[in-house]
Amino acid sequence: FPPTVFPLSCAVQSYSWGKVGLESEVARLLASSDPLVQIQPDRPYAELWMGAHPRGDAVIRDNRIPQKTLGQWIADNPACLGAKVKDAFQGHLPFLFKVLSVNTALSIQAHPSKELAAKLHAQFPEHYPDANHKPEMAIALTPFEGLCGFRPVEEIVSFLQTVPELRALIGEVAAEQLERSGSDDPRGVSAALRVCFTRLMKSEKKSFIDQLNMLVKRISQEVAEGKDTSGSNGDLLLRLHSQYPGDIGCFTIYFLNLVRLEPGEAMFLGANEPHAYLHGDCVECMACSDNTVRAGLTPKFIDVLTLCEMLNYTPAPSSSKIFPATQSQLDPNVYLYDPPVPDFAIMRIEIPPSIKLYLISAVDSASILLVIQGTAVGTSTAAASEMSLRRGSVLFISANESISLHLSSPDGMLLFRACCLL
């Protein structure tokens, strides 16, 4: 039988927001997994794509397999997905697994629901290339920062009162409407929030550039005088403005939560949730789609109207954006991040130094395994030969196959495994 468990060599994307050279976790994983790789010190290593996406299909590292890439192999062997996954997702791997190394902010964006994606794709296929939704989950590998979801109203109102430049762009009427909206009427709050955010995003270019320049000048002076600028979110404003000068996205920090994740903590981004990653390294899993509606902090196509229409305007504290992992009842070394969508789930597997033999158990879904820390030799009845696993190794595991790990590192192992638990 040809092997159904095999190592992958994965595609790297050099987007300009990525960390450069060996500052990037993507580059460090790459260098560790393949000593022949030359890491270029000035090149951004932004994303590692582990999956079968046509723009970054993983290459199979097993010369007994005739197919060159994972996408070709799955097309020829769809049973590897598992019966349920194969039927539910028309013979395609339903997720793309990634590592991201973020140096400068990604665009303010949201991803459409399936319903909206179908509509956008039909109307504007050049901007919305498919008809699928794109829920995402990020799990921090290093301290990670992002903007996510609308802040509690009292925080936004406080900024409207301490940042006159923001109030000027939104206008007195809309600002007062938000200030008057009561917590007993959530629909009224959401409606007022929608008006305020839309007024900001649709403000005239000249007026928002003027207000932004005034704000940056004022905060810079306050910083020079040693004043506390946290009431105007000064640090973040100056940082984003230095990365994207004159960009409307700089003002969104007054509406969106700043979420800080420690390693192992996660955030889940469902449909219509506004977000922007700011800094740090993470593993990310998402449904297979390229649909992104952008509105700022980007040189790419922006679609402010669609974004303002589609967003979920439910305010919530930043603490509520941290998605919990549950420890497995069957195996205390496994923590499961199981989001409210069928397309994917992620397991974090932490093997302590005391364990020298560990079984990666079979699941009824194709899965992709990434080694972040530690070394081992992996054996499987479904693999051609033993596989040497080290930091940066990536394995494809067909449905219902398991792998025995013979650990050789003194500090145990840390692995992440993406799969589809229907």
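Colleague: What percentage of the 422 residues of the protein count as buried?

Modeller: 56% of them. Buried means under 20% relative accessible area, exposed means over 50%, and partly exposed is in between, with a 1.4 Å probe and protein chains only. Keep in mind that this is a predicted model: local features need pLDDT of at least 70, side-chain atom pairs count only at pLDDT 80 or more, and totals for chains, interfaces and linings use all residues. Residues are numbered from 1 along each chain as its sequence is written, and side-chain values use heavy atoms, with hydrogens and water left out.

Colleague: How many helices and strands are there?

Modeller: 11 helices and 23 strands. Both are DSSP runs numbered from the N terminus: helices are H or I with at least four residues, strands are E with at least two.

Colleague: On to H5. Which of its residues are buried?

Modeller: H5 covers residues 153-162, and Val-153, Ile-156, Val-157, Phe-159 and Leu-160 are buried there. They sit on the same side of H5, because their arc around the axis is only 160°. That arc is of the directions from the helix axis to the C-beta atoms.

Colleague: And what is exposed on the other side of H5?

Modeller: Glu-154 and Gln-161.

Colleague: What do the buried residues of H5 pack against?

Modeller: Helices H6 (164-170), H7 (172-180) and H8 (186-201). Contact means heavy atoms within 4.5 Å.

Colleague: Now H10. Which residues are buried in that one?

Modeller: Gly-234, Leu-236, Leu-237, Leu-240 and His-241, in a helix running over residues 234-243. An arc of only 165° puts them on the same side of H10. Asp-235 and Ser-242 are exposed on the face turned away. The cover over the buried residues includes strand S8 (144-150), helix H9 (205-224), strand S9 (256-261) and strand S11 (275-287).

Colleague: Last one. Where is Pro-135?

Modeller: In the loop between helix H4 (114-123) and strand S7 (136-140). Pro-135 counts as buried because its relative accessibility is 4%. Leaving out residues up to four places away in sequence, Pro-135 touches several residues, including Phe-268, Cys-285, Val-341 and Phe-344.
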